[in-house]
Amino acid sequence: MNCCLLLPFMLGIPLLWPCLRTTESSKTEEVKHPAGSHWRVKRGWMWNHFFVPEEMNKIPYHIGQLKSDIDNGNNSFQYKLLGFGAGSIFVIDERTGDIYAIQKLDREERSLYTLRAQVIDTTTGRAVEPESEFVIRVADINDNAPQFLDEPYEAIVPEMSPEGTFVIQVTARDADDPSSGNNARLLYSLLQGQPYFSIEPTTGVIRISSQMDRELQDEYWVIIQAKDMIGLPGALSGTTSVLIKLSDVNDNKPVFKESLYRMTVSESAPTGTSIGRIKAYDKDIGENAEMDYSIEEDDSQTFDIITNNENQEGIVILKKRVDFEHQNQYRIRARVQNRHVDEQLRKYHAEASTTMIKVQVEDDDEPPVFLLPYYVFEIFEGHPHGSLVGVVSATDPDQRKSPIWYSITRSKVFHIDENGTIITTNPLDREISAWHNLSITATEEYNKQQSSAVPVYVQVLNINDHAPEFSEYYETYVCENAGSGQIIQTISAVDRDESIEAHHFYFNLSVEDSKNASFAIIDNQDNTAVILTNRTGFSLQEEPVFYIYILIADNGIPSLTSTNTLSIHVCDCDEDGSTHSCSNKDFMLSIGFRTKIIIAVLICVVVIFGFIFLILGLKHRRKQSLFPEKGEDFRENIFRYDDEGGGEEDTEAFDIAELRSSATMRERKARKTTPADIRSLYRQSLQVGPDSAIFRKFIQEKLEEADTDPCAPPFDSLQTYAFEGTGSLAGSLSSVGSASSDQDENYDYLNELGPRFKRLACMFGSAMPPNN
């Protein structure tokens, strides 16, 4: 059986394929292609690859022909095509075995198709040969342009970078078959960006070709082209744009645009006051534009400059106070330099930029100035009114030299005149106040708003105007059996005067006591003295107390002497001669006296509180007697019943005897009354009024009870009484006592009493009128 594969003219190359034959025993043989390719024939079919170009000039496109060697042309064989694409992309002529492509093929979508072919005998419906598999490959053509897949491209490179510095690498992709000629071989070129940039043709690496300054241009757009087929004619190309930004380097120093700045400052401005601003400009940006200002020349050391980091301005501030009268103009020089400078860029910052600042001091109306920051004066105590204390002086520092007025703030003992002379208005006493702190105010006559104050300290010097005296009160005791020469008391003295030297006191008995043979005094020469007995034995009964007069003199100039009285009590001492028992007796006497006073006060307090409680108790009792019925208990007299009672005369359930007067009792009426009597009484009640005499008598009795009641309130009161009187001829309708009424009583007479008794007639009547 023979099978021939016929291929059309493809890619301009005539392809001639030999026909292969097999014997009936299906032996295989090998035949060489003229080009040297090997073909393998299996069981009457040729096993081969078919090549189909992407670019087809017409559809359907004839690919080749399958033909069996046993096909004699009688149309008894049928060719079938199986596999992916069979029937949809590829079809076969069932009679001739011609294979066609019925749609265009794209190698980039699918480059290879594997199909199976089969020959069937139409008379028997059986396959005359087993299925054979073959491959159809799509041959590539240059139909895809290069594409840059990583767009957009952006790069940052420092300014002033040297030539050859790497910037960025761009890469394009070509969808054509890289193994098919030069279809996917790319070549890169620069369409825009010369002369600052260059690109490597095969790698797409962009490099710097010349230095660039960011301050002139800070970004560049570079256009790159990629061509396939290594740029040969007919090649396809693609382009992309690259944004290249230049980052800043500190290659510019800050510069002052102004060579001279003029500023003014008031002489009254405090230290730290801002008097002006200076500004330098730097072409760099960010951290490279940060700068520091400083003072380069300022002999007076009066000003300083600080940097505002937000706007990079220099703020000129006052370092110390200025005085127009001392100096009214200053000239200083300021400089500026970058804060961050790399070592390799120092050459751009070799010389710092400077500027001149001229400061004019403005004259202000200043307050007066005292010659001294404070004054201290001394004056002896006891000087008369108008004595000189001292003189203060203040001047106007301004050029006009205004006259000065002086005044003293809150002082009653000193006065100051217009010349600043301080005098006394009252005598001074050092023992009352040794120092006086004054505040002297100086005010300009031309401008009273300008004033200043200075402290003045006046020390009052001491003179010996106070005599010495006992340092404390002495309680001195002497025993009855005391012997001669016994010390009974040690005394000391104090002096309110201030002495330049240490105080020294002298103790002596008065002239009268020096003749007294009972006691003597010895000066210890240490500002103390001792009192001792000058005889033996004292009598508590005859002379219980002795009074001696002691003279105490100081060492002042002139010396002053005082007379002090010392009381000496005779004491019945203990056996050991101690006077503590006498002092304890006095103490106990004083304690006992104090105790009696405290007890008397407590008794008075108890009596007062008892009287108050008595009054409150009487008032409370009187309030309870006004309404005695409020305290009664009615709980055991409360009952519930559903019977109609007999009015006030019904006392079976309630004992109302206590509510009525004992002098006037109402007569008890019989409960049972015939209907005729009731009707007669009802008619009479309509004609006869109530018994007014009964009412008057009842009220009169109650009034007398209220007048004679000792617990009644001493004010007008209104009392009400539930008394019906005897004028009610119809009797009471109360439900009290209804239980004892006759159950068989006829109530039909209620229908004759009028519309007011209609409800009762309906409830208790035996028969109702037809009209009801």
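Student: In this predicted model, are Cys479 and Cys573 buried or exposed?

Tutor: Cys479 and Cys573 are both buried, so each has a relative accessible area under 20%.

Student: What makes Cys479 and Cys573 a disulfide?

Tutor: Their sulfur atoms lie 1.8 Å apart. The cut-off is a pair of cysteine sulfur atoms within 2.5 Å, so Cys479 and Cys573 qualify. The pair links distant parts of the chain, 94 residues apart: Cys479 belongs to strand β41 (residues 476-479), while Cys573 sits in the loop between β47 (561-571) and α2 (580-626). A search of the whole structure finds one disulfide.

Student: Why is the disulfide of Cys479 and Cys573 called left-handed?

Tutor: The torsion about its S-S bond is about -100°, and therefore the disulfide is left-handed.

Student: Why is Cys604 called partly exposed?

Tutor: Its relative accessible area is 47%. Buried requires under 20% and exposed over 50%; the value for Cys604 falls in between, so the residue is partly exposed.

Student: How do you know that strand β35 pairs with β38?

Tutor: Pairing requires at least two bridges, and five bridges join β35 (residues 404-408) to β38, so the two strands pair. They run antiparallel, with Ser407 opposite Thr441 in β38.

Student: What makes β38 and β39 a pair, and how many residues lie between them?

Tutor: Nine bridges join β38 to β39 (residues 451-461), against a requirement of at least two, so these strands pair. They run antiparallel and form a hairpin with six residues between them. Tyr457 in β39 is the bridge partner of Asn437.

Student: Why is strand β38 described as mostly covered?

Tutor: In β38 (residues 435-444), seven of the 10 residues are buried.

Methods
Residues numbered from 1 in each chain as written. Predicted model: local features only at pLDDT ≥ 70, side-chain atom pairs only at ≥ 80, totals over all residues. Heavy atoms only, no water. Buried < 20%, exposed > 50% of the residue type's maximum accessible area, 1.4 Å probe, protein only. Helix = DSSP H or I, 4+ residues; strand = E, 2+ residues; numbered from the N terminus.
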